[in-house]
Amino acid sequence: MTRPIAGPRRWRNLLYCLLAVAAIWLGVLPGLGRMPAIKQHLDFLREHHVDAGAMFYSELDPRLFPDPLQKYSHDSSHSSGQGNP
Amino acid sequence: MAIWVAGALLLVAYCSIQAVSPDVGQKGAAAASFLKPWLKLPGTWNSNPADAFQSGKPEARQSVWPALAATGLLLLIPFAVASGIMGRGSGRFLPAFFVLWLLAVLAFVLSSQEVIRQYNLEYVLWGLLVGMIISNTIGTPSFLRPALCGEFYIKTGLVLLGAEILLGRLLALGLPGICIAWIVTPIVLISTFLFGQKVLKISSPSLNMVISADMSVCGVSAAIATGAACKAKKEELSFAIGLSLAFTAVMMVVQPLVIRAVGMDERIAGAWIGGTIDSTGAVAAAGEMVGPLAGEVAVVVKMIQNILIGVVAFGVAVYWTTVVERGGSTAQPSLMEIWRRFPKFILGFVAASIVFSMLAENSSSGAALAEATVSVTKQLRTWLFCLAFVCIGLETNFRTLAPYFSGGKPLVLYVVGQSLNLTLTLLMAWLMFGVLFREAVAP
């Protein structure tokens with residue numbers, strides 16, 4: 001637990017931080033998203049159902065996985081046969 | 001307690017499926033949970049954050065607030081009960097949890113901005129930021145204290161994550177996948193850890209281990225699991241995750257460019273990407289940028305690596321309790337002592353993985369049940385990790401992070417470990433898909 005800074009300065013600091021976050025998320029990032037190279041990249045990922053923010057394989061779109069997975073197995077008898085997660 | 005709460009949530013998720021799917025048990029069964037529509041995260045948005053709170057097709061947009069509230073309620077109940085049992089008082093927990101939930105919603109909204117999301121800057125980072133802005137400006141209000149139990153949320157989330165680790169999927173790519181993910185990864189993990197301890201002489205073995213694991217296994221999820229297994233400090237976990245996400249954002253753009261420039265075979269490229277880029281989502285993005293075949297191989301290799309985190313977390317917990325925590329003492333700790341030190345949630349994590357793997361392998365209906373249960377618990381797990389990182393942020397002072405940036409040893413550790421990872425994985429990918437199993441994956 002951090003010790004609060006005394007006086008109204010702490011609220012002013014919070015306001016500055018919130019303004020910085022708002023400027024980046026409402027101004028800079030949407031602006032970047034409109035740049036042709038980045039827009040093309042975002043469109044490409046959207047078309048291919050890729051969520052680059054996924055933390056674990058279970059969060060990915062099942063369409064990204066080969067179906068059935070057996071075609072990737074050297075010996076099909078070893079395959080789990082589970083297909084998509 | 002984390003095992004009990006996670007067990008209760010798994011049971012609720014499982015029961016919610018049986019209640020609505022009378023056809024479960026037939027061949028090709030499909031199962032669904034009535035809870036799933038009620039468990040949502042804020043959606044992706046570009047320039048207007050209000051879009052994050054709408055879902056569905058443009059002609060039938062629906063607010064996600066009811067689902068966000070339902071998710072919060074589903075988590076609030078077991079944690080309020082647990083708080084009461086642990087003597088913290090459920091009454092004071094409720095308002096604290098409500099504010100924490102609001103901060104987690106804010107973190108999700110920040111993370112779901114389209115540019116941020118597609119460059120793999122995950123919600124845990126923004127959970128930390130939201131918490132740290134508050135703690136380092138106005139200070140963390142004391143009324144939040146009853147709900148500030150980040151470790152509890154992480155451990156519960158990890159037990160839920162165990163249910164997503166379906167061991168049958170290990171063999172999804174046959175022997176080549178095993179060799180790439182299960183031979184190279186442990187070699188890189190152990191070598192990097194030893195390099196950090198013996199050569200760089202990093203003073204904190206837990207920081208060394210968390211960086212080694214997130215770099216060699218699968219990024220943030222591996223960092224969270226190993227961090228909890230080796231009882232890493234919250235600052236160490238935050239630092240390791242920040243380092244991993246920063247490198248991942250660069251690698252997911254640069255690696256496909258290098259692959260295209262040298263004209264690498266798609267199978268080898270996919271295996272190389274899957275085995276080296278830390279984060280799962282970034283692997284999918286980088287693989288697709290190379291080509292569809294590379295994308296498929298990359299996500300399967302990363303999936304096999306994801307499954308490795310159960311083994312890694314268990315191994316790290318055993319090593320820590322039997323070797324690291326023994327310190328300089330040459331005497332073997334007794335079994336009772338090992339049991340006392342052992343992080344018990346790891347057992348819940350492994351047990352969930354085994355139970356759900358058996359369920360998924362049992363029959364088609366079992367697989368459908370496991371999948372439907374996980375579709376519920378993965379949302380809860382995501383919320384728990386976000387709540388945990390908001391808590392960590394609320395308890396972190398910028399000054400306590402400063403020592404990790406000085407000296408540059410963690411950075412050197414990451415760069416050296418990742419260089420070894422890139423080299424060995426490329427070598428193994430070439431050996432598997434270029435020499436030994438050339439026909440294993442038909443282009």
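The model is predicted: local features need pLDDT of at least 70, side-chain atom pairs count only at pLDDT 80 or more, and totals for chains, interfaces and linings use all residues. Residues are numbered from 1 along each chain as its sequence is written, chains are lettered from A and ligands numbered from 1 in the order in which they are written, and side-chain values use heavy atoms, leaving out hydrogens and water.

**The interface**

- Chain A brings 47 residues into contact with 72 residues of chain B; contact means heavy atoms within 4.5 Å.
- About 5,400 Å² is buried between chain A and chain B, and carbon and sulfur atoms give 64% of that area. Buried area is the accessible area (1.4 Å probe) that two parts lose on being put together, summed over both.
- Three salt bridges are counted between chain A and chain B. A salt bridge puts a side-chain nitrogen of Lys or Arg within 4 Å of a carboxyl oxygen of Asp or Glu.
- Asp51(A) and Arg117(B) form a salt bridge through their side chains, at 2.8 Å from N to O.

**The chain A side**

- Helix H1 (9-34) and helix H2 (36-47) of chain A are the elements that give two or more residues to the side touching chain B. Helices (H or I, at least four residues) and strands (E, at least two) are DSSP runs, numbered from the N terminus.
- H1(A) gives the most to this side, with 11 residues.

**Chain B as a whole**

- Chain B has 18 helices and two strands.
- Its radius of gyration is 22 Å, close to the 22 Å that the globule rule gives for 443 residues, so chain B is as compact as a globular protein of that length. The radius is taken over C-alpha atoms, and the rule is 2.2 Å times the number of residues to the power 0.38.
- The C-alpha atoms of chain B fill a box of roughly 60 × 60 × 50 Å, taken along the principal axes.
- Of its 443 residues, 60% count as buried. Buried means under 20% relative accessible area, exposed over 50%, and partly exposed in between (1.4 Å probe, protein chains only).

**Leu167(B)**

- Leu167(B) sits in the loop between helix H6 (150-162) and helix H7 (174-199) of chain B.
- Leu167(B) counts as partly exposed, at 34% relative accessibility.
- Beyond its neighbours within four places in sequence, Leu167(B) is in contact with Ile307(B), Ser353(B) and Ser357(B).
- Leu167(B) and Ser353(B) are 186 residues apart along the chain, yet their C-alpha atoms are separated by 7.4 Å.
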